[in-house]
Amino acid sequence: MKKSFEFVDAGRTFRCSIESQEKNPAEKWWWFAVSTDARTRYAPFRTTPADTETSVRKRIVAYYDNMLAARAAPPPPRWNGAPRPAAGAPAAAVPAAQKTTA
């Protein structure tokens, strides 16, 4: 397996290389940069003995496309306090001792 290669997918140029981590030089990772995102490099997964250029290309494109889809998705709703009653559910009964008369 080559230590680095480049390929084009959907008009984007991916530059891939095998690099070590600073903290653990024995551990090798696949790093890549994309022509449409020149400021960022990604290291999504470790190398394996079974890696081929084709398998790495597929994994990198799938990773990047999924990341772009996640970025484009609306943010998940945030919990903002007590749960709301389900639509059409009756209001909670007020105990008789708390009822007031006018």
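Are F14 and Y64 buried or exposed? Both are buried, where buried means under 20% relative accessible area, exposed over 50%, and partly exposed in between, with a 1.4 Å probe and protein chains only. The views below set this pair in its surroundings.

This is a predicted model, in which local features need pLDDT of at least 70 and side-chain atom pairs count only at pLDDT 80 or more, while totals for chains, interfaces and linings use all residues. Residues are numbered from 1 along each chain as its sequence is written, and side-chain values use heavy atoms, with hydrogens and water left out.

**View 1. The chain has 1 helix and 4 strands.**
Helices (H or I, at least four residues) and strands (E, at least two) are DSSP runs, numbered from the N terminus. Along the sequence the pattern reads β-β-β-β-α. Of the 102 residues of the chain, 22% count as buried. Contact means heavy atoms within 4.5 Å. Among contacts between residues at least 6 apart in sequence, 32% join residues at least 24 apart.

**View 2. The 4 strands form an open sheet in the order β1-β2-β3-β4, with antiparallel pairing.**
The edge strands are β1 (4-9) and β4 (37-46), and each pairs on one side only. Neighbouring strands of this sheet are turned by 25° against each other on average, direction ignored. Axes are lines fitted to C-alpha atoms, for helices over the stretch in contact, and angles run from 0 to 180 degrees between N-to-C directions. Two strands pair if DSSP finds at least two bridges between them. β1 and β2 are joined by 6 bridges. β2 and β3 (residues 28-34) pair over 7 bridges. β3 and β4 pair over 5 bridges. A hairpin through 2 residues joins β3 to β4. Helix α1 (residues 53-72) lies across β1, β2, β3 and β4, and runs at about 120° to β4.

**View 3. A10 sits in the loop between β1 and β2.**
The hairpin of β1 and β2 has 2 residues between the strands. Phi of A10 is near 50°, a positive value in a residue other than glycine. Most residues other than glycine have a negative phi. A10 is exposed, with a relative accessible area of 68%.

**View 4. S17 lies in strand β2 (residues 12-20).**
S17 counts as buried because its relative accessibility is 18%. In β3, the bridge partner of S17 is W31. Leaving out residues up to four places away in sequence, S17 touches K3, S4, W29, W30 and W31. The side chain of S17 also makes a polar contact with the side chain of E19, at 2.9 Å. A polar contact is a pair of N or O atoms within 3.5 Å; within protein, one must be able to donate a hydrogen and the other to accept it, and residues adjacent in sequence count only if both atoms are side-chain atoms.

**View 5. The structure holds 10 aromatic pairs.**
F14 and Y64 form one of them, edge-to-face, at 5.8 Å centre to centre and 90° between the planes. F14 lies in strand β2 and Y64 in helix α1, so the pair ties together parts that are 50 residues apart in sequence. Rings of Phe, Tyr and Trp (its six-membered ring) pair if their centres lie within 6.5 Å; planes under 30 degrees apart count as stacked, over 60 as edge-to-face and the rest as tilted. Ring pairs link F5, F7, F14, W30, F32, Y42, Y63 and Y64 into a cluster.

**View 6. R59 lies over the face of F45.**
The distance from the ring centre is 3.7 Å. A charge sits over a ring if NZ of Lys or CZ of Arg is within 6 Å of the ring centre and within 35 degrees of the ring normal. F45 is the bridge partner of W30 in β4.

**View 7. R57 has its place in helix α1.**
R57 is partly exposed, with a relative accessible area of 32%. Leaving aside neighbours within four places in sequence, R57 is in contact with F5, F7 and V8. R57 and V8 are 49 residues apart along the chain, and their C-alpha atoms are separated by 9.6 Å.
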